Amino acid sequence: MFFADGMVLQQQSEVRLWGWCDRFDGGVPGRQVIVTTSWDGRSYTAVSDADGRFEVTVQTPCAGGPYEVTFNDGEQRRLCNVLIGEVWLCSGQSNMEMTLKGYKGQPVEGATEELMQCGDSLLRLFNVGRATSLQPHRDVVGQWQQAQTESVRNFSATAYFFGRALRRMLGVPVGLICTAYGGSACEAWMKADWLKPFCAPYRSPKTGFTVTLPAGDDDLKKRQQRCPTALYNAQLAPLIGYGMKGVIWYQGEDNVPRYDFYAPLLKAMVEGWRSDWRQGDFPFYYCQIAPYDYRLIDWSNSQYLREQQLKAETMISNARMAVLMDAGLEYGIHPRKKRVAGERLALLALSNTYEVKGLPDFATYSGVEFHGDTAVVAFDRSREWVYFEHGPRSNNFEVAGEDRVFHPAEAWTSRNRVYVRSAEVAHPVAVRYAWRDWAVGDLMHDGLPVSSFRTDDW
């Protein structure tokens, strides 16, 4: 249970606490429960419902602790070593789930050095155990742990580096709840009602895909973590309502084959989570999937999924995307640079949620003009110059004329513009940057990469 010793509660908030009055023969309805919080000495009273469930809403103070929370329904249970601070939910598929120890033959860069210096009693970690279900669960498997070598080694590397950056910048306790499952589909983290617009008779225009809701337990066993609703029910539903600041998300690889409706799908998921949480438009920060040679698993066109993720940023309120174009791995779908991923998510949170001034921002493609044989590409959020990471020129650009045939192009920068030209195209009408599965992104702004993009919609 996530209401347990060592937990972190969101500071300066109205936080919901709940549980069940259980006995051997099931839930006990109509039982009075008194919840007492040590930080203010207040007591709150609730009465359990027909299923034995009770809930209270308590007011939390500024960050601090440790404190105690006591539940008493005739039998007393005391939760100790409770901290008040900043709480974030961390979710997605394998690149979020990937622990600091890495996967077999797939290490996390810098893990050994980090494990020798990771101890922090004010950084608390809760890892939700894997589970799937067609019916909502009421609890998850896991326990709160302080950040120390053993717990960090077995916790999400991306989430850990995110939390570590918040701890260092904000100087308050941080609690991370990681609920992730390798290979999971976005659809698995959603309710059936949210998925209905993507079910038949809907069919995606380019990939021809339609969402099929599970028919029963046999279907669940067959599709597991890719089964629509299965992870929402088992790994998310029990957590809904736990007071938090926001969500970080690293998912998308499983949706590459049906890329063309990922942006509206992600929008529906985020809006559904927000509706269920009843906490307003909480921040949602997510990683753009990193470049990888998808031919190794007989897939392709992941650049279109990256494009959908870029589009989602404009469709979802209070959401931002961390670009990872320079942090991929050609032969591995699990990049080693998890510190980069976690710290870029933290950068977004610190800039946009905590309003820390002076931090860099991700520039995005905003438009293009064509002057004779040269295309001039412009960017938003480009307070500084754009530049190429590995020299004055880049090999990641292509241009096409009216025939829609793309040719490699030379590119150079001046202030916040990129100029693109090819001797093979006298009158360009379209530009593409890093428009392929695998690329080493080299277009930068203020130390951060720019997403792959195209100016056409072909």
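Predicted model: local features only at pLDDT ≥ 70, side-chain atom pairs only at ≥ 80, totals over all residues.
Strand E17 spans residues 374-380. Of its 7 residues, 6 are buried, so the strand is largely enclosed by the rest of the structure. E17 is paired with strand E16 (residues 364-371) through 7 bridges, and the two run antiparallel. Within this pairing, phenylalanine 370 is placed opposite alanine 375 of E17. E16 and E17 make up a hairpin with 2 residues between them. The turn contains glycine 372, whose phi is positive, at about 65°. E17 is also joined to strand E22 (residues 417-421), by 5 bridges and again in an antiparallel arrangement. Here threonine 374 has arginine 421 of E22 as its bridge partner.

The model contains 34 aromatic pairs. One of them is formed by tryptophan 39 and tyrosine 67, with 5.6 Å between the centres and 75° between the planes, an edge-to-face arrangement. This pair links distant parts of the chain, its members being 28 residues apart. Tryptophan 39 belongs to the loop between strand E5 (32-37) and strand E6 (42-47), whereas tyrosine 67 belongs to strand E8 (residues 64-72). Tryptophan 39 has a relative accessible area of 14% and is therefore buried. Tyrosine 67, with a relative accessible area of 22%, is partly exposed. Phenylalanine 284 and tyrosine 286 form a tilted pair, with centres 5.9 Å apart and an angle of 35° between the planes. Both phenylalanine 284 and tyrosine 286 are buried. Ring pairs also connect Tyr365, Phe379, Phe388, Phe397, Tyr433 and Phe453 into a cluster.

Aromatic rings are also found in contact with charged side chains. Arginine 138 lies over the face of tryptophan 20, 4.3 Å from the ring centre. Likewise, the charged end of arginine 274 is positioned over the ring of phenylalanine 282, at 5.6 Å from the centre of that ring.

The structure holds 0 disulfides. A disulfide would require two cysteine sulfur atoms within 2.5 Å. For cysteine 118, the closest cysteine sulfur is that of cysteine 178, at 16 Å, which is too far for a bond. Cysteine 118 is buried, its relative accessible area being 3%. The sulfur of cysteine 227 has its closest cysteine sulfur in cysteine 199; the separation is 12 Å, so a bond is ruled out by distance. Cysteine 227 is likewise buried, with a relative accessible area of 0%.

Conventions. Residues numbered from 1 in each chain as written. Heavy atoms only, no water. Buried < 20%, exposed > 50% of the residue type's maximum accessible area, 1.4 Å probe, protein only. Helix = DSSP H or I, 4+ residues; strand = E, 2+ residues; numbered from the N terminus. Pairing = 2+ DSSP bridges. Phe/Tyr/Trp six-rings, centres within 6.5 Å; stacked < 30°, edge-to-face > 60°. Lys NZ or Arg CZ within 6 Å of the ring centre and 35° of its normal.
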